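Please read this briefing alongside the sequence and the coordinates.

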Amino acid sequence: MTFKNFSDWCNQRAADGCWDMTSALTCTEILNKVRQKPFWKREKVWKQLYKKSVVDNIVIPIENKIKEVYEK
């Protein structure tokens, strides 16, 4: 997942309300921290500091919950 994909994913979750307050605040904080960097460094910062933990601990569990809800 690229930083742009993560940003788009966060915007989708904000619109559909399929995340909890903790995830929303965490993602918003990460977006703010990465966006403070110059645009040419954002992807590198995202990959080095956040990508693995965010995808494993936030994105995948929320996507699994969404699948469970909509499959019923």
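Read along the sequence, this predicted model follows the pattern α-α-α, with three helices and zero strands in the chain. The C-alpha atoms fill a box of roughly 45 × 20 × 20 Å along the principal axes.

- Of the 72 residues in the chain, 31% count as buried, while the chain as a whole exposes about 5,200 Å², of which carbon and sulfur atoms supply 54%.
- When contacts between residues at least 6 apart in sequence are considered, 65% of them join residues that are at least 24 apart.
- The charged side chains comprise 14 positive and 9 negative ones, and the centres of these two sets lie 9 Å apart.

**Nonpolar core**

- The largest nonpolar core has 18 residues, and those with the most contacts inside it are Phe 6, Trp 9 and Val 54.
- Each of the three helices, namely helix 1 (3–16), helix 2 (21–35) and helix 3 (42–71), supplies at least two residues of this core, and helix 3 gives the most, with eight residues.
- Leaving aside residues up to four places away in sequence, Trp 9 touches Met 1, Trp 19, Cys 27, Ile 58, Val 59, Ile 62 and Glu 63.

**Aromatic pairs**

- A search of the whole structure finds five aromatic pairs, and in one of them the rings of Phe 6 and Trp 9 have their centres 6.4 Å apart and their planes at 15°, so this pair is stacked, given that planes under 30 degrees apart count as stacked.
- Phe 6 and Trp 9 are separated by about one helical turn because they stand three residues apart in helix 1.
- Both partners of this stacked pair fall under the 20% limit for a buried residue, with Phe 6 at 0% relative accessibility and Trp 9 at a relative accessible area of 5%.
- The rings of Trp 9 and Trp 19 have their centres 6.0 Å apart and their planes at 80°, so this pair is edge-to-face, since an angle over 60 degrees counts as such.
- That pair links distant parts of the chain, with Trp 9 in helix 1 and Trp 19, 10 residues apart from it, in the loop between helix 1 and helix 2; Trp 9 and Trp 19 are both buried.
- Ring pairs also join Phe 3, Phe 6, Trp 9, Trp 19 and Trp 46 into a cluster.

Notes: Residues numbered from 1 in each chain as written. Predicted model: local features only at pLDDT ≥ 70, side-chain atom pairs only at ≥ 80, totals over all residues. Heavy atoms only, no water. Helix = DSSP H or I, 4+ residues; strand = E, 2+ residues; numbered from the N terminus. Buried < 20%, exposed > 50% of the residue type's maximum accessible area, 1.4 Å probe, protein only. Contact = heavy atoms within 4.5 Å. Areas by Shrake-Rupley, 256 points an atom, 1.4 Å probe, with all protein chains shown as cover. Lys, Arg positive; Asp, Glu negative; His and termini not counted. Charge placed at Lys NZ, Arg CZ, Asp CG, Glu CD. Core = buried A, V, L, I, M, F, W, Y, C linked by side-chain atoms within 4.5 Å. Phe/Tyr/Trp six-rings, centres within 6.5 Å; stacked < 30°, edge-to-face > 60°.
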